[in-house]
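Dear colleague,

I am handing over the structure below, together with notes on what was found in it. Please read the notes with the coordinates open beside you.

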Amino acid sequence: MTFRKLLILTILATLLAACSPADHINPPGDLALPENGAVSLASGEKLTVVATTSFIGDVAAQVAGDAINLTTLIGVGQDPHGFEPTPQDLAAIERADLILVNGLGLEEVLLEAIGETAAAPVVPVSAGIEPLGHNDEHEEKEEDHEEGEDHGHTAGDPHFWVDPNNVIIWVENIRQALSVADPNNAELYAANAAAYRQQLEELDAYIRQQVETIPPANRELITDHGTFSYFAEEYGFEMIGTVIPGFTTTAGPSAGDLADLLALIAEHQVPAIFVGETAPESTRKLAATLAVESGTEIQVLTLLTGSLAPAGQPGDTYLGYMRYNIEKIAAGLSE
């Protein structure tokens, strides 16, 4: 057995418990908007809205301003794939007039609790976006993995927010759901949505400017898991590999996955592996080990992935999150 094969098997054995899939992965669900109606609100009473992720919460706040009572369940720095709700979260879900979720099963465990607890309409904010990743090539690759592995999200990639053009669709879906539930504030929601759409269009232009600073040959991405497919598709990057296969951090790599990734690193000579700040510690260690074993001059750089940054830090809003990431990607791939 070669040293490289021995290293791969050793890493795999060490990480098996930490990287094994979650026991209960929800069905992906659909991306259809519910038929919600107007909520009966007393004079001066605000609509009570629950958002699952920090991204959805930030976008909802931009559209609604102070016109709603907003609770965001998955906090800053928490991984949406493995998040488990507290009793306080369940109480918030039960009280909600409207619940905003990502769609395609991103929130995994949390969606089970919403399905069991919520009485309010559940709005997948990504409705209307064509999912990436649900194609014959993806299905064939999934079949190649060892029996018993589960890489989740077989209906497609749920990380829609890494392309601001998708978030423009979020804005319209949130505006529509809020306006139906709270028609007295429909004009406010429309005005806020229009202003925020303009900021998202400006963000898109900024990202394109940053991409132009990266040599075309370097526009290749290796990430911790399948997070940046929509970004890559929109801005002309190639996703050549992931440390953890599939679209969820709760999956685990096989020996073949690790060997394939080492071969890709050697072949493409990419200057950086990008690992999300919400990735499990085991994934971070694996990325670092792979970088050393590759024998190439490759950095392991941290991006914001599963949540916004803490308040007051770069990336604490969706607009700042995308600017932070494209600047880190441009710096890492321009060397």
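Helices (H or I, at least four residues) and strands (E, at least two) are DSSP runs, numbered from the N terminus. On that basis, Arg 175 belongs to helix α6 (residues 164-181). This is a predicted model, in which local features need pLDDT of at least 70 and side-chain atom pairs count only at pLDDT 80 or more, whereas totals for chains, interfaces and linings use all residues. Residues are numbered from 1 along each chain as its sequence is written, and side-chain values use heavy atoms, with hydrogens and water left out.

The sheet

The model holds an open sheet of 4 strands in the order β2-β1-β3-β4, with parallel pairing, where two strands pair if DSSP finds at least two bridges between them. Its edge strands are β2 and β4, each of which pairs on one side only. From one strand to the next the twist averages 25°, with axes taken as lines fitted to C-alpha atoms (for helices over the stretch in contact) and angles running from 0 to 180 degrees between N-to-C directions.

β1 and β2 pair over 5 bridges, with Thr 48 opposite Asn 69 in β2, while β1 (residues 47-51) and β3 pair over 3 bridges, with Leu 98 in β3 as the bridge partner of Val 49. From strand β3 (residues 98-101), Leu 98 and Leu 100 point one way and Ile 99 and Val 101 the other, and all are buried (buried means under 20% relative accessible area, exposed over 50%, partly exposed in between, with a 1.4 Å probe and protein chains only).

Helix α3

In helix α3 (residues 87-95), the buried residues are Asp 89, Ala 92 and Ile 93. Seen down the axis of α3, these buried residues fall within an arc of 100°, so they line one face of the helix; the arc is that of the directions from the helix axis to the C-beta atoms. They pack against β1, β2 (68-72), β3 and α4, contact meaning heavy atoms within 4.5 Å, whereas on the other side of α3 Pro 87, Gln 88, Glu 94 and Arg 95 are exposed.

Arg 175

The side chain of Arg 175 makes a polar contact with that of Glu 172 at 2.7 Å (a pair of N or O atoms within 3.5 Å; within protein, one must be able to donate a hydrogen and the other to accept it, and residues adjacent in sequence count only if both atoms are side-chain atoms). Not counting residues up to four places away in sequence, Arg 175 touches Val 63, Tyr 189, Ala 190 and Ala 193.
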